[in-house]
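Student: I have some labels to check against their cut-offs. Can we go through them one by one?

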Amino acid sequence: MPNNKVLVLYAHPSSHRSEVNQHLLTAAQNMDGVTVVDLYKEYPTYHINIDKEQQRLVEHDTIIFQFPLYWYSTPAILKEWQDLVLEYGFAYGSEGTALHGKNFFCSLSAGGKADAYQTDGYNHYTIRELLHPLEQMATLTGMRYLAPFALFGARTAQEDGRVDIHVNQWQKLLEALVAGNVNFDKASQVEKLNHYLETLDNEATQ
Ligand SMILES: Cc1cc2nc3c(=O)[nH]c(=O)nc-3n(C[C@H](O)[C@H](O)[C@H](O)COP(=O)(O)O)c2cc1C
């Protein structure tokens, strides 16, 4: 029996053309203890069912936003989802404690290469810096914020053979979350969750 339930909120406006996220989606859909919601498929006109989404949140321990980075942020439906679902009295305010103690992180792909997401790179900010509004959303709502799980250089990832590696890491990460085998202190401090998973691999081979 899975110990911890994981909710993946997947947001890709053109999933049929995806070379990265589509594979992560399929992998997550086939895992015990993981619920996947394809937001653009479920809400093509953005009419988000607030009660249903709040219920989903209550029933899970870890919440993941999965998306391709669009203009240094999430695709639009995830913003609409936040604006509607994270209501006062549910997610924040003196009685809004429904999310307290849960974990939250982003699983994202970016067209830009890793070295572009540096202070001296052409995007000027690290991915963790660019995600600060989501980090603060998690903090305000009482969730523990973990580092993002990220793939950079997404457009050449398939031809470079990096997609399979990333999907493999994703499966390991989801399995560890469900089994309760994640060191959350470490996972919140690294720049990318990928680094945390690499330390697990190293420990396993030592
Ligand atoms: C509207 C739009 C905005 C984008 N904005 C960014 C961006 O801000 N930074 C970036 O690195 N890539 C950006 N990209 C590239 C996507 O992040 C990239 O194509 C995607 O992560 C690839 O994943 P997929 O194969 O699953 O679609 C953008 C792409 C589109 C279509």
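Tutor: Start with contact: it means heavy atoms within 4.5 Å. Keep in mind that this is a predicted model.

Student: Which residues does Leu108 touch by that rule, leaving out those up to four places away in sequence?

Tutor: Leu108 touches Phe67, Leu69, Ile127, Leu131, Pro148, Phe149, Ala150 and Leu151. Each pair therefore has heavy atoms within 4.5 Å.

Student: What makes a set of residues a nonpolar core?

Tutor: Its members are buried nonpolar residues joined through side-chain atoms within 4.5 Å. The largest such core has 37 residues. Leu57, Phe65, Trp81, Phe104 and Leu108 touch the most other members. Several elements supply at least two residues each, including strand 1 (6-10), strand 3 (62-68) and helix 6 (132-140). Helix 4 gives the most, with four residues.

Student: Which residues does the second core include?

Tutor: That core is separate and has 30 residues, among them Phe105, Leu174, Phe184 and Tyr196.

Student: Why is Tyr46 called partly exposed?

Tutor: Its relative accessible area is 31%. Buried needs under 20% and exposed over 50%, so Tyr46 falls in between. Tyr46 sits in the loop between helix 2 (39-42) and helix 3 (50-58). Its phi is positive, about 65°, although Tyr46 is not a glycine.

Student: What makes His124 partly exposed?

Tutor: His124 has a relative accessible area of 48%. Exposed needs over 50%, so His124 is partly exposed. His124 lies in the loop between strand 4 (103-109) and helix 5 (127-130).

Key: Residues are numbered from 1 along each chain as its sequence is written. This is a predicted model: local features need pLDDT of at least 70, side-chain atom pairs count only at pLDDT 80 or more; totals for chains, interfaces and linings use all residues. Side-chain values use heavy atoms; hydrogens and water are left out. Buried means under 20% relative accessible area, exposed over 50%, partly exposed in between (1.4 Å probe, protein chains only).
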